[in-house]
Amino acid sequence: MTTSPQFSEFDRRAMARAVELAERGARTTQPNPPVGCVIARGEQIIGEGWHERAGGPHAEVAALRSLPGGEADAAGATAYVTLEPCSHHGRTPPCVDALIRAKVRRVVYAIDDPNPQVAGRGAEMLRRAGIDVDTGLLVAEAEEVNAGYLMRRRQGRPFVRVKIGMSLDGRTALADGASKWITGEAAREDVQQWRARSAAVLTGVGTVLADDPRLDVRLPGTSRQPLRVVLDRNLRTPVSARLFDTDPKPLIFTASADAGRVAEITARGAQVERMVSSPHSATNGAAPLRAVLARLGELEINEVLVEAGPTLTGALVQHGLADELLLYIAPKLLGPQARPLFDLPPLVDLQQAPRFRMIEQRQIGEDLRLRLRPA
């Protein structure tokens, strides 16, 4: 990445607007990255757009089409884009071609696209066409919008967000497993928003047996449902589970070789993939969990929302696979016999304790929502 040594205040405002626009596509562009674009002449924004859905126009094309006179109005203007313009033919033509054809004078983009089909080629093509290219503006903000896409492209796995509803004393359910409802209605509605932006929701069979969740998005106007993924060592998922009632049908990872059970479950429309060992036992090390996440990366899953019990969530934290904790804290106490937040091995030294940094705190109804990432 070639970084410009200095950007103007207007440059920053224009890119901040492009980041806002990119956020609008967070629920709908999977597996593509959400991208925003602003077209400006001097210090006046004359067009803007964002990538609204996979297969639809990319942000740059949408912004050019928003101009009253179309691409012709962009001659000599500056395009601000949150991600390096694409240089390859996918479901749509290359965005660099549209920018070159529009005769923009300058392109400012926040971050390089790690897609090997792009990876600097977009910037190179623009420069060869005589367009000034500056990069590195509002990098952190642009990377935040695309945390899942960037994780998949850079590390081959999705961004993993662990969601938990808990009491003030760090409990997630009563001793008998009852957990409806620890948090309030506003918090549960907020969870729907996070499900909507996730490409997959991951859970363990224990949660399926205890709660029979659907784990789908129940928001008005929802156009895409996340893939529901179940880690089920012995194929105990009941064929009557509500997970089978909505599309897409669940993907179940198992260690079982029971052909009869596989046939029963696949007859309900689910896909079953066999793992050599338990995909969520903390005693089996990180390898099975990494294998599951790598497989989800192969399926072009950018963000995973984990809604599970303490065994699976504890294993993800223990092995450094929880990229973010999304905690909803209810103002109530459940007592020491209630179920814990994470199932983690005993510590012999406080220095071994997993540490996190707060990135956001917000009151949602009567509950407090915290977002934390590994320190």
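**Exercise 1.** What volume does the largest pocket have, and which residues lie nearest its centre?

*Solution.* The model is a predicted one, and in it the largest pocket has a volume of about 1100 Å³. As a next step, look at its lining, which is made by 43 residues, with Lys163, Ser179, Thr207, Asp211 and Glu307 nearest the centre. Among the elements that give two or more residues to this lining are strand E6 (159-166), helix H7 (185-197) and helix H11 (310-318). Sorted by kind, the lining residues divide into 16 nonpolar, 13 polar and 14 charged.

**Exercise 2.** Find which parts of the chain are tied together by the salt bridge between Arg369 and Asp190.

*Solution.* The side chains of Arg369 and Asp190 meet at 2.9 Å, N to O. Since Arg369 belongs to strand E16 (residues 367-374) and Asp190 to helix H7, the pair ties together parts that are 179 residues apart in sequence. To judge burial, recall that buried means under 20% relative accessible area; Arg369, at 4%, therefore counts as buried, and Asp190, with 14%, is buried because its value also falls under that cut-off.

**Exercise 3.** Decide on which side of helix H4 (residues 121-128) its buried residues lie, the same side or opposite sides.

*Solution.* Begin by listing the buried residues of H4, which are Gly122, Ala123 and Leu126. They cover an arc of only 95° around the axis, and so they lie on the same side of H4. Finally, their cover includes helix H3 (95-101), strand E4 (106-111) and strand E5 (132-135).

Definitions and conventions. Residues are numbered from 1 along each chain as its sequence is written. This is a predicted model: local features need pLDDT of at least 70, side-chain atom pairs count only at pLDDT 80 or more; totals for chains, interfaces and linings use all residues. Side-chain values use heavy atoms; hydrogens and water are left out. Buried means under 20% relative accessible area, exposed over 50%, partly exposed in between (1.4 Å probe, protein chains only). Helices (H or I, at least four residues) and strands (E, at least two) are DSSP runs, numbered from the N terminus. The arc is that of the directions from the helix axis to the C-beta atoms. Contact means heavy atoms within 4.5 Å. On a 1 Å grid over the protein atoms alone, a cavity is a set of points where a 1.4 Å probe fits but cannot get out, and a pocket is an open set with protein on both sides within 12 Å along at least five of seven lines; lining residues have an atom within 4 Å of a point. Grid points are joined across faces, edges and corners, and a volume is the space filled by probe spheres set on the points. Ala, Val, Leu, Ile, Met, Phe, Trp, Tyr, Cys and Pro count as nonpolar, Asp, Glu, Lys and Arg as charged, and the others, Gly among them, as polar. A salt bridge is a side-chain nitrogen of Lys or Arg within 4 Å of a carboxyl oxygen of Asp or Glu.
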